[in-house]
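Subject: Structure for you to look through

Dear colleague,

I am passing on the structure below, and I would be glad if you kept it open while you read my notes on what was found in it.

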Amino acid sequence: MYRYDEFDRRLVDERVEQFRRQVKRRLDGELSEDQFKPLRLLNGLYLQLHAYMLRIAIPYGCLSAIQLRKLAHIGRRYDKGYGHFTTRQNLQFHWIKLEETPDILAELAEVEMHGIQTSGNSFRNTTTDQYAGAAADELEDPRSYCEIIRQWSTLHPEFSFLPRKFKIAVTTTPHDRAAVKVHDIGLRMLRNEAGENGFEVMVGGGLGRTPFVGKVIRDFLPKQHLLSYLEAILRVYNQLGRRDNLFKARIKILVQQTGTEKFAKLVEEEWEQIKDGALQLPREEIERIASYFAPPSYEELDAQVPEFEAKIAENPDFQTWVKTNVFPHKQPGYAIANLSLKPVGGTPGDMSSEQMDAVADLADLYSFGEIRVSHRQNLVLPYVKRADLYSLWEQLSPLGLATPNIGLTSDIICCPGLDYCGLATARSIPIAEEISERFDDLDRLHEIGEVEIKISGCINACGHHHVGHIGILGLDKAGEEFYQLTLGGAADEDASLGKVVGPGFSGDEIVDAVETVLDTYVSIRDEGERFIETFRRVGMAPFKEGLYPK
Amino acid sequence: MALIVEGKLVEDRWIALGDEAPLPGGDPIIVSLARWRTERDELVGRGGPLGIRLHSDESPAQIADDLKHFELVALEFPAFRDGRAYSYARLLRERYGFGGEVRAVGDVLLEQLLFMHRCGFNAFEISSEHPVDDWVTATSEIGVWYQPTGDGRETIMAMRRARG
Ligand code: SF4
């Protein structure tokens, strides 16, 4: 994992003291809420429906056991004993007191964490594959590049007041688990004919009220130019992005209105001027950062682990969990274990302080003290010996963290919605809870197989509903919540936007509608076909017939 | 309104000239881009110190070839959220090599002074009762930075290299 050196630490410590003074001025009445708002937003502090919400950055989803314990402590001491993991691989606390925030940030700084740029119109947390460093199919560990981007994008003097927030995602595998095509900038590592690694650069993807899949503006960017190229994109956007209308301010609108080719040309022209300047990344610098992400000290193990195979054979529950929640590892004898934060009837992404402490201990025991957060709001232990999986599973079960549903119907991405969020037009959490209750039968869940349901409580689409295989958008019609259903979205390398299936459903009907869609799929699918594949083969018609019988 | 130039509180010797106002003799004046365009010859011929004020939708690229005529470029922040002028300032300094005064005017928050200074602004119109103290606080609260800009401050990467 990356560790702060004295410079990183100094920056975060100074930032905490700066914010402490600002909070004091606010509490003393020297600053009005209007004047204070931009300052608190620069530190991740939002004012929501019932209380302040503090969003804490988890850089590219990597957490140490020590950090997770600190989050547990903060949840207990300053909140109601739990936190909420977001689709940006961050963590939010929803019940925070303003006067305590400086102390919280100081405590976070002790473990190299902060809330800088988790809100406001600047760079947000750069995200990546939750299996980084462990996935068998990665070209390189994406975390080095995420860390390089993190440093460059932290308190950037030129780009701290962009037209709108800005999100970057990086993937280095052919199968994209980081949804790079629906980011302001998506970076996908490829190898060219000369055998060198570089990045395909996509811009202008994003969700919200006008969703777009990102457009490729450069097929291959040599690694040493990563930062200068990003700076060129941002400089074009900072000058030309729309500032007259909040809803048209994201880079996707600029790219769309300018045209991809012309936009690419503007970027290339800017880049020509700066590419050989101070932002060039010397190979030694890339290697220096990469050394922080060196593999942990694996044991030399056999790929075959008889005691693990035996446990699978004798315990069907364990077998089920392994089937959905365990992912192959690049190191023989090791596995990646997913911890589901989607228990039946629970709030997707919520985690109690007790669970956090327990997972921190398990990470120390079984995963070199490392934990990952996925954009699908689950946790990952990235380095578990296959021989330890059974004990891990046994300990996760009583914690409620062994639900065997990763990638299945009840593994729902869901935004906070009307239960917390001031912008919401409908509730989203109760819908997610109801779906997971409806599909609580494991046999049925596994029978249906892989499907991604994503729920947003308003058109801002924080729950990524456009790119759910099944998307649900909560709206308000004359004071009544109603839900629009979309089908066929995907966020991976075959990214596509879902289409609205027809008239919306009331809160009482929407879960039935989801069930109808899934039943229809099961009745018409070909052998071994996933939901999204069936949808792409047959289109909307059969689902429509099921949903709106004549 | 107080004016800080190079970290010091100074009297503003420049006159912000309205587009209709008659040209004064040799006094330092700041004109709009529109006026520069229509009265270029008179302004150059006048002989006195000349500055130009650019709105946030007026890129200095439009005056890149004229910069030799100006001792001052004022970049406007119509609202603190409008961050275009950060890029403009860097272009002025780093691309066009402008060596005169680059002044931040408009909605300039104390918390933004360091960012502005890093981008190449060296003059700031701020509303403050203790402008010098505020300037010192604003530019010393954070003392390390990752990004290389034209301001010459040593970046973290350079400090790491020096440390070995
Ligand atoms: S999608 Fe809407 S309701 Fe949900 S968190 Fe975002 S803004 Fe709030």
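Please keep in mind throughout that this is a predicted model. The largest nonpolar core in it has 154 residues, and those with the most contacts inside this core are A:Ile233 and A:Trp321. Helix α6 of chain A, which covers residues 226-240, gives the core its largest share, namely nine residues. Apart from this core there lies another one, of 34 residues, which includes A:Leu408, A:Cys414, A:Tyr420 and A:Val517. If you select A:Ile233 and leave aside its neighbours within four places in sequence, you will find it in contact with A:Ile185, A:Val201, A:Val203, A:Ile217, A:Ile251, A:Phe263 and A:Val267.

Next, the ligand. The residues that surround it are A:Cys415, A:Pro416, A:Gly417, A:Cys421, A:Leu423, A:Ala424, A:Gly457, A:Cys458, A:Asn460, A:Ala461 and A:Cys462. Sorted by class, this shell has eight nonpolar and three polar residues, while no charged residue belongs to it.

Not counting residues up to four places away in sequence, A:His183 touches several others, among them A:Thr127, A:Lys167, A:Ile168 and A:Gly204.

Chain A also has an open sheet of five strands, in the order β6-β7-β8-β9-β10, with mixed pairing. Strands β6 (127-128) and β10 (215-222) of chain A stand at its edges and have a single partner strand each, so one side of each is left without a neighbour in the sheet. Strand β6(A) runs parallel to β7(A), and two bridges join them; A:Thr128 has A:Val170 in β7(A) as its bridge partner.

In chain B, eight strands form an open sheet, again described as mixed in its pairing, with the order β2-β1-β8-β7-β6-β5-β4-β3. The edge strands of this sheet are β2 and β3 (15-16) of chain B, each of which pairs on one side only.

Strand β1 of chain B (residues 2-5) can be followed in some detail. In a regular strand, the side chains alternate between the two faces of the sheet. In β1(B), B:Ala2 and B:Ile4 are on one side and B:Leu3 and B:Val5 on the other, and as all of them are buried, both faces of the strand are covered. Strand β1(B) runs antiparallel to β8 of chain B (residues 123-126), to which four bridges join it, and here B:Leu3 stands opposite B:Glu125. Strand β1(B) is likewise antiparallel to β2 of chain B (residues 8-10), through three bridges; B:Ile4 has B:Leu9 as its bridge partner there, and B:Val5 stands opposite B:Lys8. Together β1(B) and β2(B) form a hairpin that has two residues between its strands, and in that turn B:Glu6 has a positive phi of about 50 degrees.

With best wishes

Methods
Residues are numbered from 1 along each chain as its sequence is written. Chains are lettered from A and ligands numbered from 1 in the order in which they are written. This is a predicted model: local features need pLDDT of at least 70, side-chain atom pairs count only at pLDDT 80 or more; totals for chains, interfaces and linings use all residues. Side-chain values use heavy atoms; hydrogens and water are left out. A nonpolar core is a set of buried Ala, Val, Leu, Ile, Met, Phe, Trp, Tyr and Cys residues joined through side-chain atoms within 4.5 Å. Buried means under 20% relative accessible area, exposed over 50%, partly exposed in between (1.4 Å probe, protein chains only). Contact means heavy atoms within 4.5 Å. A residue is near a molecule or strand if one of its heavy atoms lies within 4 Å of it. Ala, Val, Leu, Ile, Met, Phe, Trp, Tyr, Cys and Pro count as nonpolar, Asp, Glu, Lys and Arg as charged, and the others, Gly among them, as polar. Two strands pair if DSSP finds at least two bridges between them.
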